[in-house]
Amino acid sequence: MGVAKADRADLNADSRLDRPAARDVARKSMVLLENRNRTLPLAKTAAIALVGPLADAPIDMLGSWSAAGYSKNAVTLRAGLNTAVAKNGGRLTYARGANITNDESTVKYLNFLNWDTPEVTQDPRAPAEMIAEAVKAAQ
């Protein structure tokens, strides 16, 4: 990011980062560990299953920057994948798969900072039902 004395006074993480440079570093730092059955690269018209209860959680997209970032500017994994897949004629199927936890006090703690727009919500369905939905999405 340069010399500290050259930093802008605005400490908002979004304004301090050079997005094109950050994306370039992210692309170059990804490592493919294994490519079984030549799965990658995916066909542009591929059907992709996204499974997970935080797929629409903008605060979780910020990771350790959540204290300094603005979640309203974050693109969730589900929204980003949906846009990328749809523009190429592919299909994204989403399934929740599970709850984060069944402990209500933990859910309240996880939503403490974003009490007005909670991201960790409880799906009342049985775990087996959510898993069955995820398996169906992946087929």
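## Leu81 and its helix

Let us begin with one residue: Leu81 is part of helix 4, which covers residues 77-87. Keep in mind as you look around that this is a predicted model. Is Leu81 buried, exposed or partly exposed? Its relative accessibility is 26%, so Leu81 counts as partly exposed, because the partly exposed class lies between the 20% limit for buried and the 50% limit for exposed.

Who are the neighbours of Leu81? Leaving out residues up to four places away in sequence, Leu81 touches Leu50 and Leu92.

## The whole chain

The protein chain has 6 helices and 2 strands.

How much of the chain is buried? Of the 139 residues in the protein chain, buried ones make up 19%. Contacts tell you about the fold as well: among those between residues at least 6 apart in sequence, 56% join residues at least 24 apart.

Which residues of helix 6 are buried? They are Met130, Ala134 and Ala137. Looking down the axis of helix 6, you would find its buried residues within an arc of 60°, so they line one face of the helix. The buried residues of helix 6 pack against strand 1 (47-51) and strand 2. On the face turned away from this buried side, helix 6 carries the exposed residues Ala128 and Lys136.

Thr101 lies in the loop between strand 2 (91-95) and helix 5 (104-110). With 18% relative accessibility, Thr101 counts as buried, because the limit for buried is under 20%. A polar atom of the Thr101 side chain lies 3.1 Å from the backbone nitrogen of Asp103. Beyond residues up to four places away in sequence, Thr101 touches Thr106, Val107 and Gln122.

Asn111 sits in the loop between helix 5 and helix 6. Its relative accessibility is 9%, so Asn111 counts as buried. Setting aside neighbours within four places in sequence, Asn111 is in contact with Pro118, Glu119 and Val120. Ala74, in turn, belongs to the loop between helix 3 (58-62) and helix 4. Ala74 is partly exposed, with a relative accessible area of 21%. Its contacts, not counting residues up to four places away in sequence, are Pro58, Met61 and Leu62. Ala74 and Met61 are 13 residues apart along the chain, yet their C-alpha atoms are separated by 6.5 Å.

Phi of Asn37 is near 55°, a positive value in a residue other than glycine. Asn37 counts as exposed, at 75% relative accessibility.

Arg38 also lies in the loop between helix 2 and strand 1. Its phi is near 55°, again a positive value in a residue other than glycine. Arg38 is exposed, with a relative accessible area of 70%. Which residues does a cis peptide bond join? They are Leu40 and Pro41, and omega is about 0°. Pro41 is found in the loop between helix 2 (19-29) and strand 1.

## A charge and a ring

One last stop is Tyr70. The charged end of Lys72 sits over the ring of Tyr70, 5.5 Å from its centre. How many aromatic pairs are there? The count comes to 0.

Definitions and conventions
Residues are numbered from 1 along each chain as its sequence is written. This is a predicted model: local features need pLDDT of at least 70, side-chain atom pairs count only at pLDDT 80 or more; totals for chains, interfaces and linings use all residues. Side-chain values use heavy atoms; hydrogens and water are left out. Helices (H or I, at least four residues) and strands (E, at least two) are DSSP runs, numbered from the N terminus. Buried means under 20% relative accessible area, exposed over 50%, partly exposed in between (1.4 Å probe, protein chains only). A polar contact is a pair of N or O atoms within 3.5 Å; within protein, one must be able to donate a hydrogen and the other to accept it, and residues adjacent in sequence count only if both atoms are side-chain atoms. Contact means heavy atoms within 4.5 Å. Rings of Phe, Tyr and Trp (its six-membered ring) pair if their centres lie within 6.5 Å; planes under 30 degrees apart count as stacked, over 60 as edge-to-face and the rest as tilted. A charge sits over a ring if NZ of Lys or CZ of Arg is within 6 Å of the ring centre and within 35 degrees of the ring normal. The arc is that of the directions from the helix axis to the C-beta atoms.
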